[in-house]
Amino acid sequence: MKTTVPAIRFDNLTLGYDRHPAVHHITGEVARGELLAIVGPNGAGKSTLLKAIVGELKPLSGTLKLDGLTRRDIAYLPQVTDIDRSFPISLFDCVSMGLWRTIGAWRGLDARGREDVIHALDTVGLVELADRPMGTLSGGQFQRVLFARLLLQDAAVILLDEPFRAVDTKTVADLIHLIERWHREGRTVLAALHDIEQVRTHFPRTLLLAREVVAWGDTANVLTPANLARSRQITEAFDAHAHVCDRDEARETA
Amino acid sequence: MIDTLVQPFVEFAFMRRALVGSLAISLTAPPIGVFLVLRRMSLMGDAIGHAILPGAAIGYLLAGLSLFAMSLGGFAAGLAVALAAGLVARSTVLREDASLAGFYLVSLALGVLLVSMRGNSVDLLHVLFGTVLALDDGALLLIASIATVSLATLAVIYRPLVLECFDTQFLRSVSPLSSPTHLLFLVLVVLNLVAGFQALGTLMAVGIMLLPAVSARFWAEDVGGMICVAVASAFVSSVTGLLVSYYANVPTGPAVILACGAFYLLSMLVGVRGGLLWRLMPRKHLEA
């Protein structure tokens, strides 16, 4: 039994699109301040789970409780952003949007806010480019900018969906330092990842998904060869004529 | 020289009215166009512009050439099509641009049909191409009021609107303002097209909204800069169009839009942000 306060609690949670579950029957909780990796093959339901936590997706059944947290306490870095990268906006302006909780729609950015933005840009190593338009950035630099914005959001819960795609090794190392800093600061961080070695080295706890929970707990106990093999076996196939799922009986859809 | 530029406005009241009307439109339609372009909704402006026609026609059929009835009808029809297209896009497989295309073709056809049922072709021309040289007090007041309301509203929703264009997902995650902002913006688009249609007609009201905005992208690298360039070019184009139409005795609405178009071509060629000539000119690359 955990002694810490849970931040997020799932109870027999099933998520999906059009009645077809992407991931089903998740039960468990994420403790406050936990650094949790969510691992699994493509189509395992990692992104779906994160989307449900931010409220972009309603559960098909079961419940998801955010203990005392509101939507505004959660910062979310989606896997596919619909950000228009040709939009004429400078790095500085883009990152300063992270201060929305303090400046809102109408207040101006004071000297301290400016300092915070510069500091965030400095943390991700892009301070010299502050006045450049976003369109001139490379893919990895762009991802760093999004991290800088997350920094300013100062959120209690941070959800990262495949945050390191298209990012070079040096940048990944920098970004992982950031994540570890968030962990030390007592924030709850959930990250969907697929680099198993990375997870073993940096993430104390892991949730292994394959359209259902395969294993959940301390990383060393979860990422065993047996569990990983099992997660790969579970079908990814979308069955248009799937039966109604009844978990109490043996699954017959395979 | 100065005389040539000023004399028509000094001499004729209708030219002064036309000037005031088109400058008021030039003050607010281009900034809205900038946001339409940045949201990749340029065609949305076009579609709503066409949708205004049947509304104005119904107003005309019910109340004759009444400014109020036609504006109200146009506003209602434009807003209805904008909202319906958004709704269809959200709840069916169609993308917003496809559903808009569907709606506006239907409404344009309906509008032409309605106008020709009772009116004659002169009325149709009036609605389609506007009468900037015959703006009465009521029309001027309407245009000026819409300009005032639009500028104030834009100022209030500026930051959420920029964020809504740039990163909707993020705005939705930090604030509940996303949908209200989008809705208010649509209202502004429709309002400005209604204002423009008094002067320039439904077909060309979209021109003064979009042409300066697309030109501005060749000159500025931030939203504020684009808005300034767009408004300035709309001002110049309005005056140029009025003068050309006065001296060459050609219709005013098309002259204004063609002036905007000329500036667009010029920007495309020599604009400092990605103009064609700069690309063709081989220049040595910099060190960093």
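Two residues are in contact if their C-beta atoms, placed from the backbone, lie within 7 Å. The legends below describe a predicted model.

**View 1. Overall build of chain A.** Among contacts in chain A between residues at least 6 apart in sequence, those joining residues at least 24 apart make up 69%. Chain A has 9 helices and 9 strands. Its radius of gyration is 19 Å, close to the 18 Å that the globule rule gives for 254 residues, so chain A is as compact as a globular protein of that length. Along the principal axes, the C-alpha atoms of chain A fill a box of roughly 60 × 40 × 35 Å. Buried residues account for 37% of the 254 in chain A.

**View 2. The open sheet of chain A.** Six strands of chain A, in the order 5-6-7-3-8-9, form an open sheet with mixed pairing. Strand 5 (74–77) and strand 9 (213–218) of chain A are the edge strands, each pairing on one side only. From one strand to the next, the twist averages 15 degrees.

**View 3. Strands 3 and 8 of chain A.** Strand 3 (residues 35–39) of chain A pairs with strand 8 (residues 205–209) of chain A in the parallel sense, over 4 bridges. In this pair, Leu36(A) stands opposite Arg205(A), a residue of strand 8 of chain A.

**View 4. Helices against the sheet of chain A.** Helix 6 (residues 169–184) of chain A packs on the sheet and touches strand 3, strand 6 (157–161) and strand 7 (188–193) of chain A. The direction of helix 6 makes about 150 degrees with that of strand 7 of chain A. Helix 9 (residues 225–233) of chain A lies across strand 8 and strand 9 of chain A. Helix 9 runs at about 150 degrees to strand 9 of chain A.

**View 5. Overall build of chain B.** Chain B has 13 helices and 0 strands. For its 288 residues, a compact globule would have a radius of gyration near 19 Å, and the 20 Å of chain B agrees with this. The C-alpha atoms of chain B fill a box of roughly 65 × 60 × 30 Å, taken along the principal axes. Of the 288 residues in chain B, 50% count as buried. Contacts in chain B between residues at least 6 apart in sequence join residues at least 24 apart in 71% of cases.

**View 6. Where chain A meets chain B.** Chain A gives 17 residues to the contact and chain B gives 19 residues. On the side of chain A that touches chain B, the residues divide into 11 nonpolar, 2 polar and 4 charged.

Methods:
Residues are numbered from 1 along each chain as its sequence is written. Chains are lettered from A and ligands numbered from 1 in the order in which they are written. This is a predicted model: local features need pLDDT of at least 70, side-chain atom pairs count only at pLDDT 80 or more; totals for chains, interfaces and linings use all residues. Helices (H or I, at least four residues) and strands (E, at least two) are DSSP runs, numbered from the N terminus. The radius of gyration is taken over C-alpha atoms; the globule rule is 2.2 Å times the number of residues to the power 0.38. A residue is buried if 20 or more other C-beta atoms lie within 10 Å of its own, exposed if 12 or fewer, and partly exposed in between; C-beta atoms are placed from the backbone. Ala, Val, Leu, Ile, Met, Phe, Trp, Tyr, Cys and Pro count as nonpolar, Asp, Glu, Lys and Arg as charged, and the others, Gly among them, as polar. Two strands pair if DSSP finds at least two bridges between them. Axes are lines fitted to C-alpha atoms, for helices over the stretch in contact, and angles run from 0 to 180 degrees between N-to-C directions.
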